[in-house]
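Open the model in your viewer and keep the selection tool at hand. Each stop below tells you what to select and then what is there.

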Amino acid sequence: MMLLDVKDLWVKFPTRQGLFEAVRGVSFSLGKERLGIVGESGSGKSMTGRAILRLIRPPGIVEADHITLEGRNLLDVTEKDMREVRGEKISMVMQDPKFSLNPVMRIGDQIMEAYLVHNSVSKSEARAKSVEMLEAVSIRDPERVMRAYPHEMSGGMGQRIMIAMMLIPNPQILIADEPTSALDVTVQRQVLDIMDKLVKERGMGLIFISHDLNLVAEFCDRVLIMYAGRIVETCDANKLHDAKHPYTQGLLNSLPRFDQPRRHLDVLKRDPSWAEVPSVKGHT
Amino acid sequence: MSDLTLRQWLLSDAPTSRRQARFANLYKGWLNFRSNTMAMFGLGILVALVLIAFCAPIVAPHDPYAQNLANRLQPIGSDGHLLGTDSLGRDILSRLIYGSRITLYIVTLVALIAPIAGLLVGTVSGYLGGWADIVLMRITDIFLAFPRLVLALAFVAALGAGIENAVLAISLTAWPPYARIARAETLTIRSSDYISAVRLQGAGALRIITKHIWPLCISSLIVRVTLDMAGIILAAAGLGFLGLGAQPPSPEWGAMISGGRRFILDHWWVATIPGLAIFTVSLAFNLLGDGLRDVLDPKGKSQ
Amino acid sequence: MALAESNREGRRRTPFVSFLKTASTSLLSVAVTMLGLLAVTFIIGRVMPIDPVLAIVGERASKETYDAVYQQLGLDRPVIVQFFYYISDVVRGDFGMSLLNARPVSEDIARVFPATLELATLGTIFGVLVGVPLGVIAGVKAGSWIDQVARVVALVGYSMPIFWLGLVGLLIFYGILGWVGGPGRLDIFYVDIVPTRTGMILIDSAIAGNWDVFRNAFSHLILPASLLGYYSMAYISRMTRSFILEQMSAEYIVTARVKGMSERAVIWRHAFRNIRVQLITVIALSYANLLEGSVLTEIIFSWPGIGSYITTALLSADMNAVLGGTVVVGLIFVCLNILSDLLYRIFDPRSK
């Protein structure tokens, strides 16, 4: 079943040097699956995620043939209807909970708020729901966490809270934008496992944006590789190591591997012509 | 090299000497500054002001002190008096022109005394640290805690009215923020590697402060001074208005407002016009300061 | 595991002990600042070219009277001892006698201060009511026409001599249009009708239920208060703008939008909540500045407040009154600083 279909998406920013094109004609679709978007910084992967939620603020420009969710083109709906989409249909977990949680609001209030925006229920009901959600992300003392402020939490806790907050309205799609990059390596896996479990349980679609090829290969069903605002290659995650595109191969070869130890890792060489080749379609 | 234009030389990506790099930086800053219309407007007003003050005897149509009681309180546009005359029949335009000298005099003196005093206190306090830092910063805080105008009033009361004392009083209340800025800059510079390198080569505290720390504090101080100029002008005018700055018959703008105050309802121009002059000049300084901040303040830069 | 870690973090120092610690350090620094403030006024008093003894006994007094007063004032003692006496006097609220009217300076100040307080408070209220929303809008819509207008309004405020604007205001709204009351706090007809309780006529007349006096006082107050309000607004709106601008690019704002909240809720529930603490500091500072800025305004509007008092005393070389007034204004400055510091600690969860 297809949840989301994006066709020919462009994101542009006017700068002093002219129009900067962050995303250049990207097309892909998402079903009830885990789709990875990989690329180096500046490749347009984060902008793609934010453009879907229409979070690019003017003067940034978003253009596309369509971004279709449940038969509706998100580019045509009003801002008011878009607010119904955000959170309730599509949600997003961002990189660093230190910055993505409001520092002066209690965690409980922030989670309850996410629920109350879309559900007209009483506060105590929202509270019960929030506590339940915190338990679902394996937080042991949810009552205490509800009363705490974000700065009292560790990074791993913060990201679990973020996941709880973003999943509480029960969206169909979760965009995870580098959700573990700011975390300690030791808690990265914990957080990913929790996210993975919830996404599977609820039958959601996941867009996992990362620069970490191995992580994506492991956690996703399908991978899009982005370079300079375009998709240069798409493949199943388990076939990633057979990727054809020189950029993907370059990325893979610049990482150390236990099964193929080497004295020197390759340095990624970029070919300007990659940026000129039209985008590959990222449909199933 | 010789066939390069000056512009190309200045904009070269690979400067061949320190001098070229320095000039190139200045030139780039200027290009950046020039694109800021408001700041250029402010600069234009100030250049005009300096010219007028410099050429006052030539530009002014009348003697600013010449009284003519038969011709008093003439309105704007009257014969021979473009901006009218005051209660003693003196030409207001000529007085404004000569008054610009006093304004520039006060502003220049304060702009020299206060930042230099602040720079000294701030760098010494920041570089030496320890007790010197604690004591100097406490003193700075005490002066910061005072309401500035009231403190200046008290100083002028103790020292006696007059331009020089007004300058001193304003400087005494204006230096603490500069000391704070200079100290903050010093603290960041002090711990940098190149200062350690200079110290390893045997440079003493005096040399490090004067040769390596002062030059780096200058640009942030300049921005702050320009932004403070408007405040200095307003403070000086306020003291003049209260009769504690320049003494009559000197054509100081604040004192001119005070002189015209009694006639405000019937002869509005006598008090209003000097006020417009003060407003124009301090607005020019504010616009210039905003522009300079964009160019000089490294934190505001996009790089 | 992470939870256990943060638990340990929290119990390292009990909040009460750390609060006591910060409280005592800040109290100490306040005490030092106040002491320094008194030292400065003391030194100014010493530098004064006026002989305090002559000012009391007059030019023609005999040598004996002169010496007697000299000793009575304690001028024969070492400077340090004199300073000590000065401090103990000030602590007891004794600023000496006014040389002008031979009344205790402290009584005079207590009499004139409410007038200034009334003016500065109303001015700050205007400044906050207009400046905060204007700054928020300008910051949220940075670069829009409303931002440009706010910028120009603030720049003009920063560049305008307050006493001149006051004069022009009087000329237009009192002289030409006749919309507001003239100089002074009340028309002569209304003076001394309501009993003085707080010294603030708006409050006193409201307590007495005399609305005629209230209206008249308000018509006199509105012009100087809006004048001060304009200055405070210029400052507050600029500061608010830069605070909001900084917050709007923060990631938690994106989070709030992702939740599906309306832009208004994003701004007021999230961004504004984060600048509240900074705003309190700015408002306290602007209030202190208005207390001082009222010096020139009071002269223009013949407002019998502390600014007028200090200036009049100054022009008649009444040094006790000048220094007394300076100390009082300085102390209020320091107190407002402490207050904003304290509110900071209360409102910002991160500072606990």
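**Stop 1: where chains B and C meet**

Select chains B and C: 36 residues of chain B are in contact with 38 residues of chain C. Keep in mind that this is a predicted model. Now colour the helices of chain B that supply this side. α6 (130-145), α7 (148-159), α10 (205-241) and α12 (269-296) of chain B each give at least two residues to the side that touches chain C. Sorted by class, that side of chain B has 26 nonpolar, seven polar and three charged residues.

**Stop 2: the other chain pairs**

Show the three chains together. Two pairs of chains are in contact, and of these chains B and C share the most contacts. Which chains are joined by no contact? They are chain A and chain B, and their closest C-alpha atoms lie 12 Å apart.

**Stop 3: annotated stretches of chain C**

Select residues 113-344 of chain C, where an unreviewed UniProt entry places the feature "domain: ABC transmembrane type-1". Over this range the chain is 80% helix and 0% strand, with its end C-alpha atoms 27 Å apart.

The unreviewed UniProt entry also carries the annotation "transmembrane region" for residues 20-44, 119-140, 152-177, 217-236, 279-301 and 321-344 of chain C. Pick two of them. Residues 20-44 of chain C are 100% helix and 0% strand, and the end C-alpha atoms are 36 Å apart. Residues 279-301 of chain C are 96% helix and 0% strand, and here the end C-alpha atoms are 30 Å apart.

**Stop 4: the largest nonpolar core**

Select Ala164(A), Leu174(A), Ile207(A), Ala152(B), Leu153(B), Ile170(B) and Ile233(B). Of the 250 residues in the largest nonpolar core, these touch the most other members. The core also draws at least three residues from each of domain 1 (2-91) and domain 2 (106-351) of chain C.

Zoom in on Ala152(B). Leaving aside residues up to four places away in sequence, Ala152(B) touches Ala169(B), Ile170(B), Thr173(B), Ala235(B) and Leu239(B).

**Stop 5: a helix of chain A**

Select helix α10 (residues 246-253) of chain A. Which of its residues are buried? They are Tyr247(A), Thr248(A) and Leu251(A). These residues cover an arc of only 100° around the axis, so they sit on the same side of α10(A).

Terms used:
Residues are numbered from 1 along each chain as its sequence is written. Chains are lettered from A and ligands numbered from 1 in the order in which they are written. This is a predicted model: local features need pLDDT of at least 70, side-chain atom pairs count only at pLDDT 80 or more; totals for chains, interfaces and linings use all residues. Two residues are in contact if their C-beta atoms, placed from the backbone, lie within 7 Å. UniProt positions are given in the numbering used here, feature names are shortened, and annotations may be inferred rather than shown by experiment. Helices (H or I, at least four residues) and strands (E, at least two) are DSSP runs, numbered from the N terminus. A residue is buried if 20 or more other C-beta atoms lie within 10 Å of its own, exposed if 12 or fewer, and partly exposed in between; C-beta atoms are placed from the backbone. The arc is that of the directions from the helix axis to the C-beta atoms. A nonpolar core is a set of buried Ala, Val, Leu, Ile, Met, Phe, Trp, Tyr and Cys residues joined through C-beta atoms within 7 Å. Domain bounds come from an automatic or database domain assignment. Ala, Val, Leu, Ile, Met, Phe, Trp, Tyr, Cys and Pro count as nonpolar, Asp, Glu, Lys and Arg as charged, and the others, Gly among them, as polar.
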